[in-house]
Amino acid sequence: MAAALAVVIYYGAVPLAVSVIAYVLVRRAYGRRRRP
Amino acid sequence: MIFLIGVAVSFVLYVAVGALVGRRVKTQSDYFVAGRRAPTVLVTGSLVASFLSTVAFMGEVGFAYDGYPILMLVLTPLNAAGYVLGVMLFGRFLRRSEVLTVPEFFGKRFRSPGLQALAGGTVVIGIGAYLIAVTQGASLLLSDLVGVPHWAALLVVWIAYTSFTFFSGSPGVLLTDTIMFFIFVLGGVAGMSYLLWRAGGPTTAVSKLADLGDKPGIVSWHGIVTGPNAQMGSPAEALVWAVTLGIVWMTIVAVSPWQTSRYLMARNEHVSIRSGVLAMAVVLLLYVFLMLGGASVNLFHTGISPSETAFIWAARHVLPTGLGVLVVTGILAAALSSASTFLSLIGFSVGHDILPHLRQWKPAGSTVAMSRLVMLITSLAVLMVTYVAPPAVLTIGYFAATLFAASWGPVAILSIYSVRITRRGAVGGMAAGFVTAFVLQGMVEFGGLSLPVWANPVILSFAASLFGIVAGSLSEQPDPQALSFRHALLRPPAQELEHVRVRTTLRFTAGAVPFFVGISLLLSALYFLPFASLPTHT
C-alpha cells in the first residue's frame with residue numbers, strides 16, 4: 001500500500017516541482033533585474 | 001456503418017481545413033513555421049497532438065490492458081516533465097534563433113551545413129520510421145473498423161494526411177492538430193470514464209481487477225511479474241524500465257524535432273513556455289484515464305488480441321454508439337495529427353536541410369512549390385515502405401524515440417549550455433548516439449538480443465553520444481562566430497521582457513501548482529483509495 005501511495009504522490013509532485021522550477025527560471029530570465 | 005460515417009466526416013473536415021488554410025500560404029516562413037504567429041492554444045494542441053498517436057492510444061493502452069497500467073503512470077510524469085524542462089532549457093532559445101527547421105539551428109549554432117544535413121538525415125530516418133509505425137496503426141484500425149482490405153485503408157489514411165499537409169504546410173498542421181487534439185482528449189477522458197463507471201466505479205473495478213486470475217498483480221505498481229503473461233521479470237526490472245523510458249520520452253518531448261519545431265511557430269517565447277506547461281498538464285490528466293481505463297477493459301473481455309486494439313474493441317462493444325464513434329475518431333485523429341507533423345518535418349528536412357547541402361543544390365522556381373514537391377515524393381516513399389513493412393506500432397515507436405533521445409539530447413542541451421562543444425563534437429555526438437542506438441536498440445527490438453540492465457541500449461547510446469562530443473571537441477577549438485551566435489541566443493529580446501507577458505507566464509506556472517495537487521487527488525480517488533480498501537495487497 002505504501003508503494004501505491006508513493007506513486008500517487010509522485011504523480012503530482014514531479015510536475016509540481018518542475019512548475020516551480022519554471023516559475024523561478026522565468027523570473028530570473030525575464031524579471032525586472034534583466035530590464036535594460 | 002455509423003463508425004464509417006463518423007470517420008469519413010472527420011477526414012473531410014481535416015482536408016477542408018487544410019485546403020482553406022493552404023490558400024493563405026504565400027511565403028516559405030508561412031509554410032514552414034506558420035509565419036511565427038501561433039497563439040498558445042494552437043501550439044499546445046500541436047505539441048500534444050504530434051506527441052500522442054497510435055503509440056499512446058493503441059500501444060500504451062494495450063500495455064495497460066496487458067497488465068501494466070500503474071507502471072505506465074510511473075513513466076508518465078518524467079515524460080511530461082520534459083515539456084517544461086525542454087522549453088526552459090532548449091525550446092525558447094531555439095525559437096529565439098528564428099530558424100525554419102531544427103536541423104538548421106544546429107547548422108547555424110556550429111556554423112556547419114554538414115551538421116545541418118546530418119541532423120536532417122536523422123529526421124528522415126528516425127521520424128520516417130515513426131511515421132511508418134503511425135500509418136500502420138491508423139490503417140490497421142481503419143481496415144478493422146470498416147472491413148476493407150489493408151491496402152485500401154492504408155491508401156485512405158495516406159491520402160488524408162498527405163493532402164492537407166502537402167497543401168497547407170505548418171499552418172494547416174497547427175489547426176488540424178488542434179481540432180484533433182480536442183477530439184481525442186474528449187474521446188479519451190469520456191470513453192475511459194464510461195468504462196470505469198460501467199465496471200461498477202473505481203472501487204469495484206480495482207477490486208475485480210485484483211481478482212483477475214490470468215493477470216495477477218495488474219493493480220500493483222509494477223504490474224504482472226509472475227506467470228505466463230509477465231513481460232517483466234521482477235519489480236526492480238519494471239522500475240528500471242519505467243525510469244529509463246521515462247527519461248527517454250522526457251528527452252524526446254524536450255528536444256525532438258516533432259515537439260520543439262512547434263515552438264518555432266509560437267507568437268513569442270512566452271507562448272512557448274505557457275504551451276509547455278499546458279501540454280504537461282494535459283498529458284498527465286489524459287494518461288490517468290487512458291491507463292486506468294485501459295486496464296478496466298479486462299473486466300469486459302480478457303482475451304483481446306492483439307492487445308493494441310483493446311480501446312477500439314471497447315469503443316465498439318461496450319461504449320454507447322455516439323461515444324464509441326468519438327473514441328474511434330479520436331484515435332484516428334491522434335494518428336493523423338502525428339502523421340501530418342512527421343510528414344511535414346521530413347519534407348522540410350529533405351528540401352531545406354539535406355538537398356541544399358548536396359552538390360550545391362538550388363531549388364528551381366518557388367521554394368514553397370519545391371517544398372510541396374519534395375513532401376509529395378517523400379510521402380510516396382513512406383507509403384511504399386509502409387505497405388511492405390510488417391506491423392509493429394509500439395516497437396517501432398519506442399525504437400525511433402530512443403534514436404532521437406540519444407542522438408539529439410546531449411548535443412541540443414550542450415549547444416546552449418557549453419562553450420566548449422565544437423562542430424566536430426556536435427557531429428561526433430549526434431552520429432555516435434544515433435549509430436549506437438540504431439544498432440543496439442534495433443538488435444534488442446527486432447533481433448531478439450537480450451542485454452543486462454547495466455548495458456541498457458539507452459544508457460549506452462547516451463554514453464556514446466557524450467563520448468563523441470568530448471572526443472570531437474578535444475580535437476579543435478570552438479569557432480568564435482559560433483560562440484557569438486550562442487552568446488546572442490542567451491540575451492532575451494526586449495519585447496520578451498514586457499511586464500504583462502512575464503506576469504501572464506508567471507501566472508501559468510504558479511496556477512499549475514494547485515492543478516498538480518488536484519491530479520494527485522484524482523489519482524488517489526480513482527486508484528489509491530480503492531486499492532487501499534482491498535483485503536490483501538498484491
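In this predicted model, the largest nonpolar core holds 190 residues. Within this core, Phe57(B), Phe106(B), Tyr161(B) and Phe184(B) touch the most other members. The surroundings of Phe106(B) show what such a position looks like. Phe106(B) is in contact with Phe90(B), Leu115(B), Ala119(B), Trp408(B), Val411(B), Ala412(B) and Met430(B), leaving aside residues up to four places away in sequence. Another core lies apart from the largest one. That core has five residues, including Leu403(B), Ala406(B), Phe434(B) and Ala437(B).

Helix H13 of chain B spans residues 310–317. Six of its eight residues are buried, so the helix is largely enclosed by the rest of the structure. The buried residues run through Ala310(B), Phe311(B), Ile312(B), Trp313(B), Ala314(B) and Ala315(B). Their packing partners are helices of chain B: H1 (2–22), H4 (54–66), H7 (113–146), H8 (150–198), H12 (269–296) and H14 (321–354).

The loop between H12 and H13 of chain B contains Asn298(B). The relative accessibility of Asn298(B) is 3%, so this residue counts as buried, the limit being under 20%. Its side chain reaches two backbone oxygens. One belongs to Ala295(B), at 2.9 Å. The other belongs to Tyr65(B), and lies 2.9 Å from a polar atom of the Asn298(B) side chain. Contacts of Asn298(B) also include Leu209(B), Leu212(B), Lys215(B) and Ile218(B).

Some nonpolar side chains of chain B lie on the surface instead. Ile125(B), Val435(B), Phe438(B), Val439(B), Met443(B), Leu449(B) and Leu451(B) form a nonpolar patch there. Together these residues have about 550 Å² of accessible area. Helix H17 of chain B (residues 423–446) gives the most to the patch, with four residues. Leu449(B), another patch member, sits in the loop between H17 and helix H18 (457–474) of chain B. Leu449(B) has 30% relative accessibility and therefore counts as partly exposed.

Chain A has one helix and zero strands. The chain comprises 36 residues, of which 39% are buried. The accessible surface of chain A comes to about 2,100 Å². Carbon and sulfur atoms account for 65% of that surface.

Conventions:
Residues numbered from 1 in each chain as written. Chains lettered and ligands numbered in written order. Predicted model: local features only at pLDDT ≥ 70, side-chain atom pairs only at ≥ 80, totals over all residues. Heavy atoms only, no water. Buried < 20%, exposed > 50% of the residue type's maximum accessible area, 1.4 Å probe, protein only. Helix = DSSP H or I, 4+ residues; strand = E, 2+ residues; numbered from the N terminus. Contact = heavy atoms within 4.5 Å. Core = buried A, V, L, I, M, F, W, Y, C linked by side-chain atoms within 4.5 Å. Areas by Shrake-Rupley, 256 points an atom, 1.4 Å probe, with all protein chains shown as cover. Patch = residues over 30% accessible without salt bridge, like charges linked within 9 Å, V, L, I, M, F, W, Y side chains within 5 Å. Salt bridge = Lys/Arg side-chain N within 4 Å of Asp/Glu carboxyl O. Polar contact = N/O pair within 3.5 Å; in protein donor to acceptor, adjacent residues only side chain to side chain.
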